[in-house]
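Dear colleague,

I am handing over the structure below, and after it you will find a summary of what was found. Please read the text with the coordinates open beside you.

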Amino acid sequence: MARKYEITDTTPEARRVQIAALRKMGMEGRVRLVDDMYDLGRSLAVAGIRMRHPDYDDGRVTLALARMRLGKKLFREVYGDVEVKP
């Protein structure tokens, strides 16, 4: 199977260890890992929004996160003229 990208930030031996660990986890473990990484990314994004906009309540933070994820054009299509900065 051809690789779509080449790993360049680690040694071949470290990569082999990483692949072995991922295989050992099994499908359920890898899905859980992806879910955990998604949650971490969301938490970091929310923390960044809260740091930039301490005046935002939870609703505004949710809208700002949606604005980040959707982009300006799609956000406007979905939410109309709501003004919020990510």
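The expected span of a helix is taken here as 1.5 Å times one less than its number of residues. Please keep in mind throughout that this is a predicted model.

With that definition in hand, helix 1 has 41 residues, yet its end C-alpha atoms are only 40 Å apart, which falls short of the 60 Å that a straight helix would reach at 1.5 Å a residue. Along its course, helix 1 bends by about 110 degrees at Gly26.

Turning to the packing, helix 1 (residues 12-52) and helix 2 (residues 58-79) meet at an angle of about 115 degrees, with their axes 10 Å apart, and the crossing of helix 1 past helix 2 is right-handed. On the side of helix 1 the contact is made by Tyr38, Arg42, Ala45, Val46, Ile49, Arg50 and Arg52, and on the side of helix 2 by Asp58, Val61, Ala64, Leu65, Met68 and Arg69. The residues of this contact divide into eight nonpolar and five charged, with no polar ones.

As for burial, the buried residues of helix 1 are Gly29, Ala45, Val46, Gly48 and Ile49, and what covers them includes helix 2. In helix 2, Val61, Leu63, Ala64, Leu65, Ala66, Arg67 and Phe75 are buried, and helix 1 is included in what covers them.

Leaving aside neighbours within four places in sequence, Arg50 is in contact with Tyr56, Asp58 and Val61; Arg50 and Val84, for their part, are 34 residues apart in sequence and 13 Å apart in space, C-alpha to C-alpha.

His53, by contrast, is found in the loop between helix 1 and helix 2. His53 counts as buried because its relative accessible area is 13%, and buried means under 20%. With neighbours within four places in sequence again left aside, His53 is in contact with Lys85 and Pro86.

Conventions:
Residues are numbered from 1 along each chain as its sequence is written. This is a predicted model: local features need pLDDT of at least 70, side-chain atom pairs count only at pLDDT 80 or more; totals for chains, interfaces and linings use all residues. Side-chain values use heavy atoms; hydrogens and water are left out. Axes are lines fitted to C-alpha atoms, for helices over the stretch in contact, and angles run from 0 to 180 degrees between N-to-C directions. Helices (H or I, at least four residues) and strands (E, at least two) are DSSP runs, numbered from the N terminus. A crossing is left-handed if the near helix is turned anticlockwise from the far one by less than a right angle, and right-handed if clockwise. Contact means heavy atoms within 4.5 Å. Ala, Val, Leu, Ile, Met, Phe, Trp, Tyr, Cys and Pro count as nonpolar, Asp, Glu, Lys and Arg as charged, and the others, Gly among them, as polar. The bend at a residue is the angle between axes fitted to the seven residues ending there and the seven starting there. Buried means under 20% relative accessible area, exposed over 50%, partly exposed in between (1.4 Å probe, protein chains only).
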